[in-house]
Amino acid sequence: MDVERVRSDFPILRKGLIYLDSAASSLTPEPVLSKMLEFYREYRANVERGVHRLSVRATEEFEAARREVAGLIGASPEEIVFTKNTTEALNLVAAGREWGRGENVVTTLLEHHSNLLPWRRPGVEVRVVRPDREGRLDPGEFERAVDDRTGVVALTHLSNVLGTLSPVEEVAEIASEHGAWLVVDGAQSVPHREVDVRRLGCTFLAFSGHKMLGPTGVGVLYGRREELGRLSPLCPGGGTVREVTSGGHEFLEPPARLEGGTPPIAEAVGLGEAVRYLKSVGLESIRRHEEALTRRMLEELWELEGLEVYGTPPEEERGGIVSFNVEGMDPHEVASLLDTSAGVLVRSGHHCAMPLHLELLGRPQGSVRASLYLYNTAEEVERFLEAVGEIARSLR
Amino acid sequence: MELPRLRGDCLVSRGMELPELLAQGRFLLRDSRPCTTGETIWELEPADPLQLDFPTLRALFELSRPLSTEPRYSAALGVVRCWWGKGRVTLFWNGKIRIQGHLDREEALRIAASVYRLAWGAFPCGVCGGPSLRCASGECGACVEGWEEAEEGKEPLPSLLEGGREEASRALRRLARGGR
């Protein structure tokens, strides 16, 4: 992978900053910006409804984006619903499912709030599987937690705090044995590695455009065709119905029935371009690049006195996310120091995973999180390490 | 007591009052409330970034104990970190100050004003380019126009620097020797 070539596509990087916050939101390359501008300049019109030339062109581009996204994860276009973001996609499943009496949801302590709160519904028991101290999930724990009353197993593919990978395929088998849906939060995996929904065995997969070089305001819900058809629309209205009378209505098939109102057209078109961009670089190349940088980052941080690093040790496979604390220092203060004094932008706080910080890490104040992507370089990692080392040596 | 008479455009003569600087837009105040911490973080910074003289800054903070407690320094990052009353204070090389510690706006501004009054000696003077502590102690060749006896109640220097002149001179001598 030619990182310098990649970097030249990202205008924000010309500011000389070191951006290590891609797990919160990635940067956007010029081709995506151009594609969105193209929509506004050349064929800005509503989709799926009009017969005039602009509407037809807009619809073609919108549906082409759906095909790109579907192709990225091994799905069919009919199985792709455009949402606002991952959170909305997960809520679409939780609110759209017809819950049976006494059903339960099995989820984990690793989850982002967006894959925990939607499942807290009246009459639904939420069972939380705990990982080990380093964040590894044991499929055996799911075997014990899942039963025939389990309606949904909700699981992150890659922890947004620890970077650890979940045993999704093993859990899929367990869920399937009990007839439960497997809902996977792919917000941190789909942008960074090859993901195939058939291989994973998931029923639903949710992810966001803005974490994968696309714009904000667009996300994706993949759903297996049959189960997608069992979801009630979260937002019934224009574009969701085949027929409406004064006394009744008939919904369209998915995905249209789940995309009420005018969708985020420019954003979806931009996301389609982002997917093309990622495919052109190659997701396997991106994964290997991030893996090398992550290992270097972890090896150094692991040995640094005064630092507490979370997740699995450097030799184990994980995503490009590294969370840590400097002893005696507030994570927000460390992030502020890295920004002002070294031009390194990282995240601080709970990263929307409070149960994990409180109950697994025992760090109510949160943590500092550095996250990598295709545009980061080995030199940037060294500058980050130098700055963290100096903070730990001189300022704690 | 004999004190240097400084040029009118020297930073020491111009003075530095935080409320005034904020009102003039020469300093900016921001607050942020990071997720779920429940506390407000206050940040003040000069509208035009400055380059504080770090050795002077360090010496001033050492002199200021016990007003500042547990000071930590990083010359590489250009940062002083300490407690100032109830506030956890981080002062950066560019004049930015960050204050944390469940403080309201008034408390944060009071702490910031105290810290800036101390750090002022490390701020660059617009005339000579050196840290204003050197101007205040009379060791700056460019800003001193002469020396005069201070009249009771009519001292020409702002209160902190006039009171700390001798300490400042001592700090400069120690700095020159390379000590703390």
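Modeller: Two strands pair if DSSP finds at least two bridges between them, while strands (E, at least two residues) and helices (H or I, at least four residues) are themselves DSSP runs, numbered from the N terminus. Residues are numbered from 1 along each chain as its sequence is written, with chains lettered from A and ligands numbered from 1 in the order in which they are written. This is a predicted model, in which local features need pLDDT of at least 70 and side-chain atom pairs count only at pLDDT 80 or more, whereas totals for chains, interfaces and linings use all residues.

Colleague: Which residue stands opposite Arg369(A) in strand 15 of chain A?

Modeller: Strand 15 of chain A pairs with strand 12 (residues 321-326) of chain A in the antiparallel sense, over four bridges. The residue standing opposite Arg369(A) is Ser323(A).

Colleague: And which residue stands opposite Ser367(A) in strand 15 of chain A?

Modeller: Strand 14 (residues 347-349) of chain A also runs antiparallel to strand 15 of chain A, and three bridges join them. Opposite Ser367(A) stands Gly349(A).

Colleague: Which residues touch the most other members of the largest nonpolar core?

Modeller: A nonpolar core is a set of buried Ala, Val, Leu, Ile, Met, Phe, Trp, Tyr and Cys residues joined through C-beta atoms within 7 Å, and in soluble globular proteins nonpolar side chains tend to be buried together. Leaving aside residues up to four places away in sequence, Val115(B) touches Trp84(B), Val89(B), Leu91(B) and Ile97(B). Of the 85 residues in the largest core, those touching the most other members are Val115(B) and Ala119(B).

Colleague: Which strand gives the most residues to the side of chain B that touches chain A?

Modeller: Counting residues as in contact if their C-beta atoms, placed from the backbone, lie within 7 Å, 17 residues of chain B are in contact with 16 residues of chain A. Two or more residues on the chain B side come from each of strand 4 (68-74), strand 5 (79-84), strand 6 (87-92) and strand 7 (97-100). The one that gives the most, with three residues, is strand 4 of chain B.

Colleague: Which helix gives the most residues to the side of domain 1 of chain A that touches domain 2 of chain A?

Modeller: With bounds that come from an automatic or database domain assignment, chain A has domain 1 (3-22 + 283-395) and domain 2 (31-280). In their contact, 25 residues of domain 1 of chain A meet 24 residues of domain 2 of chain A. Strand 12, helix 12 (354-360), strand 15 and helix 10 (283-303) of chain A each give two or more residues to the domain 1 side. The most, five residues, come from helix 10 of chain A.

Colleague: Over which residues of chain B is the pLDDT below 50?

Modeller: The pLDDT is the predictor's confidence in each residue, from 0 to 100, and chain B has a mean of 79, with 77% of its residues at 70 or more. One stretch of chain B falls below 50, namely residues 156-161.

Conventions
Contact = placed C-beta atoms within 7 Å. Buried ≥ 20, exposed ≤ 12 C-beta atoms within 10 Å, placed from the backbone.
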